[in-house]
Amino acid sequence: METPISVSGLVKTFGRTRALDGLDLTVRAGEVHGFLGPNGAGKSTAIRALLGLLRTDAGTLRLLGGDPWRDAVALHRRLAYVPGDVTLWPNLSGGEVIDLLGRMRGGLDPARRAELLDSFELDPRKKGRAYSKGNRQKVGLVAALASDAELLILDEPTSGLDPLMEEVFQHWVRRAKADGRTVLLSSHILAEVEALCDRVTIIRNGRDVETGTLTELRHLRRTSIEAELTGPVDGLGQLTGVHDLRVDGQRVRFDVENAALDAALRRLTEIGVRSLVSQPPTLEELFLRHYQGEQVRS
Amino acid sequence: MTALTGTWQLVRLILRRDRVLLPIWILLLAVLPASYASAYAELYPTAAERAAYLAGTASNPSIVALLGPVYGDSIGALTVQRAGLLALIAALVSVLTVVRHTRTEEEAGRRELLGATVLGRYAGLTAALLVTYAANVLLGLLIAAGLAAAGQPGAGSLLFGAGVALTGIVFATVGGLAAQLTESAGGARGIGLGVLGLALVLRLGGDAGSSGGTGGSAEWLSWLSPLGWAGTGAGLRRRALVGAAAAGAVQRGGRARRVPRLGAP
């Protein structure tokens with residue numbers, strides 16, 4: 001089976017800015033591939049290049065066995081795309097847009113369309129100007145997921161969706177995978193990628209910094225802990241897997257690798273906990289720490 | 001030819017989006033000439049009254065500058081002068097319509113949504129031009145039908161309708177070209193309206209300097225302006241045909257220069 005997406009050494013410059021700077025990306029058939037990076041890392045530029053919406057300066061680019069720029073029309077029959085910011089026509093209803101995109105892609109499955117509208121709780125009769133940001137994203141998602149495209153290219157598709165709808169989205173992506181479709185999911189939310197993706201490519205400053213399965217990228221999975229303790233703070237800094245420990249009287253703040261979470265929490269409860277907040281670190285924080293050593297292009 | 005794939009779908013989309021706007025401007029502009037004709041017939045029913053109007057008002061240089069030259073004292077000639085502004089309005093609407101369905105779509109990000117579907121690179125511009133051309137043709141036919149129904153000679157009515165339609169078509173093409181020259185909708189509108197303004201100034205200068213279409217020294221200026229081509233219709237058929245040929249040439253030139261732009265930041 002052909003490799004749906006294969007990119008190597010891709011370069012795209014806008015004036016002086018190198019938006020893509022030697023990107024490699026391989027998406028295998030039938031997988032959900034996470035394309036993870038902070039805002040401005042070059043995810044959308046790479047996706048536009050894959051869609052043949054812009055020309056690149058160097059590198060090779062293969063999409064479904066063809067050339068994304070030259071064969072755009074033929075290739076687009078086989079893929080569906082959802083941008084991170086779906087804009088609609090003010091006086092066309094959501095249903096009209098879904099059908100328009102379906103027609104222009106060569107048809108959509110009416111039963112699946114109805115099911116999608118139902119599960120995303122989207123009213124297709126409203127006009128484009130009346131939809132919220134989240135509902136506009138839903139219009140794009142329903143149109144893409146109702147198509148029979150073998151490749152789904154989703155560029156931060158859940159921006160503006162509430163957590164409940166995020167669940168619905170994840171359900172449909174799993175279903176697409178079960179149907180044998182390939183998904184490229186760009187995101188800056190680690191948790192979303194963790195929940196869905198088989199493999200992940202991490203992009204930063206226009207270049208891939210890591211690719212692998214989630215197990216291989218486990219060192220990225222950390223939790224930020226902020227706690228107020230009842231006793232004097234000691235013995236935390238010595239634990240392996242605890243990073244960036246900051247102590248301010250009886251308050252502590254640190255990041256811990258998930259493998260060391262249990263040990264760290266035991267130590268906290270031994271000291272005595274008055275309050276505790278834990279949250280996944282933002283991708284930006286993670287990147288800042290994890291790739292601090294690498295040279296940062298301005 | 002894959003570059004045009006999806007054009008028909010986009011034509012349908014434009015018609016659906018402009019289902020209110022398009023009929024409104026076509027009908028508004030279409031009924032005016034016939035209404036002028038019946039108004040003149042009521043106001044100046046005799047040839048003597050019309051001759052007086054022609055000598056007094058219609059050939060006043062400022063009126064000629066504003067509306068265009070007048071070629072005689074028939075109701076048809078007076079109507080054509082009065083309706084001279086319609087060609088300007090058709091030109092204006094045509095520029096704005098083409099830009100709105102090309103660059104504005106791109107700026108809003110909607111073209112990207114469609115660009116990822118089965119859509120050729122020339123489809124967007126082609127669809128916008130097709131719809132605007134068709135709207136102008138329809139406008140021209142309605143104008144001709146209205147004038148004929150108001151009792152004007154059929155050939156002259158058709159020529160005047162064709163003049164307005166061709167002016168609109170030329171400026172639709174200007175709008176299409178302007179959209180290729182700049183990345184922003186505002187820039188494209190600026191270029192298109194700038195060309196229109198220049199055409200208007202040329203026509204004003206030419207008509208004001210040629211004392212009422214009788215062939216004065218500055219008449220050639222009017223011929224440099226597409227806006228000068230339309231008004232000549234009912235007055236002098238030969239000139240209208242030259243005008244039509246010139247309009248056709250501009251349009252062909254515009255088509256040859258059609259370059260796609262997709263993507264870029």
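Figure 1. At 26% relative accessibility, A:Arg78 is partly exposed. The model is predicted. The two side chains form a salt bridge of 2.8 Å, N to O. A:Glu2 sits in the segment before strand S1 (5-14) of chain A, and A:Arg78 in the loop between H2 and S5 of chain A, so the pair ties together parts 76 residues apart in sequence. Across all chains, the whole structure holds 26 salt bridges.

**Figure 2. A:Asp21 and A:Arg207 in a salt bridge.** Their side chains meet at 3.4 Å, N to O. This pair links distant parts of the chain: A:Asp21 belongs to strand S2 (residues 17-27) of chain A and A:Arg207 to strand S9 (residues 207-213) of chain A, 186 residues apart. A:Arg207 is partly exposed, at 38%.

**Figure 3. The contact between chain A and chain B.** Chain A brings 28 residues to the contact, and chain B brings 28 residues. About 2600 Å² is buried between the chains, with 61% of that area from carbon and sulfur atoms. Three residues, A:Leu53, A:Trp89 and A:Met104, supply 28% of the area that chain A buries against chain B, more than any other three residues. Polar contact joins 16 residue pairs between the chains, both residues being at pLDDT 80 or more. Helix H2 (72-76), strand S5 (79-82) and helix H3 (94-105) of chain A each supply at least two residues of the side that touches chain B. H3(A) gives the most to that side, with six residues.

**Figure 4. Salt bridges across the A–B contact.** How many salt bridges are counted between chain A and chain B? The count is two. One joins the side chains of B:Arg16 and A:Glu96, at 2.3 Å, N to O. B:Glu112 forms a salt bridge with A:Arg48, and the closest N and O atoms are 2.7 Å apart. B:Glu112 is buried, with a relative accessible area of 18%. A:Arg48 is partly exposed, at 28% relative accessibility. Elsewhere, salt bridges that share partners join A:Glu2, A:Arg78 and A:Glu150 into one network.

**Figure 5. Helix H1 of chain A and the glycine after it.** Helix H1 (residues 43-50) of chain A is mostly covered, with six of its eight residues buried. The buried residues of H1(A) are A:Lys43, A:Thr45, A:Ala46, A:Ile47, A:Ala49 and A:Leu50. A:Gly52 follows H1(A), and its phi is positive, near 70 degrees.

**Figure 6. Strand residues of chain A, from cover to surface.** A:Asp255 lies in strand S12 (residues 251-257) of chain A. A:Asp255 is buried, with a relative accessible area of 1%. The side chains of A:Asp255 and A:Ser224 are joined by a polar contact of 2.7 Å.

A:Ile203 lies in strand S8 (residues 199-204) of chain A. It counts as buried, at 0% relative accessibility. A:Ile203 and A:Leu25 are 178 residues apart in sequence, yet 9.4 Å apart in space, C-alpha to C-alpha.

A:Gly59 is in strand S4 (residues 58-63) of chain A. At 43% relative accessibility, A:Gly59 is partly exposed. Neighbours within four places in sequence aside, A:Gly59 is in contact with A:Ser8, A:Gly9 and A:Leu10. A:Gly59 and A:Lys12 are 47 residues apart in sequence and 9.1 Å apart in space, C-alpha to C-alpha.

**Figure 7. A nonpolar surface patch on chain A.** A:Leu265, A:Val273 and A:Leu276 make a nonpolar surface patch of about 200 Å². A:Val273 lies in strand S13 (residues 273-279) of chain A. Its relative accessible area is 34%, so A:Val273 is partly exposed.

**Figure 8. The helices of chain B.** Chain B has 14 helices and zero strands. Of its 265 residues, 51% are buried. Among contacts in chain B with a separation of 6 or more, 74% come from residues 24 or more positions apart. The accessible surface of chain B is about 10800 Å², and 69% of it belongs to carbon and sulfur atoms.

Notes
Residues are numbered from 1 along each chain as its sequence is written. Chains are lettered from A and ligands numbered from 1 in the order in which they are written. Side-chain values use heavy atoms; hydrogens and water are left out. Patches are made of residues with over 30% relative accessible area and no salt bridge: like charges are joined within 9 Å, nonpolar side chains (Val, Leu, Ile, Met, Phe, Trp, Tyr) within 5 Å. Accessible areas come from the Shrake-Rupley method with a 1.4 Å probe; for residues, only the protein chains shown count as cover. A salt bridge is a side-chain nitrogen of Lys or Arg within 4 Å of a carboxyl oxygen of Asp or Glu. Helices (H or I, at least four residues) and strands (E, at least two) are DSSP runs, numbered from the N terminus. Buried means under 20% relative accessible area, exposed over 50%, partly exposed in between (1.4 Å probe, protein chains only). Contact means heavy atoms within 4.5 Å. Buried area is the accessible area (1.4 Å probe) that two parts lose on being put together, summed over both. A polar contact is a pair of N or O atoms within 3.5 Å; within protein, one must be able to donate a hydrogen and the other to accept it, and residues adjacent in sequence count only if both atoms are side-chain atoms.
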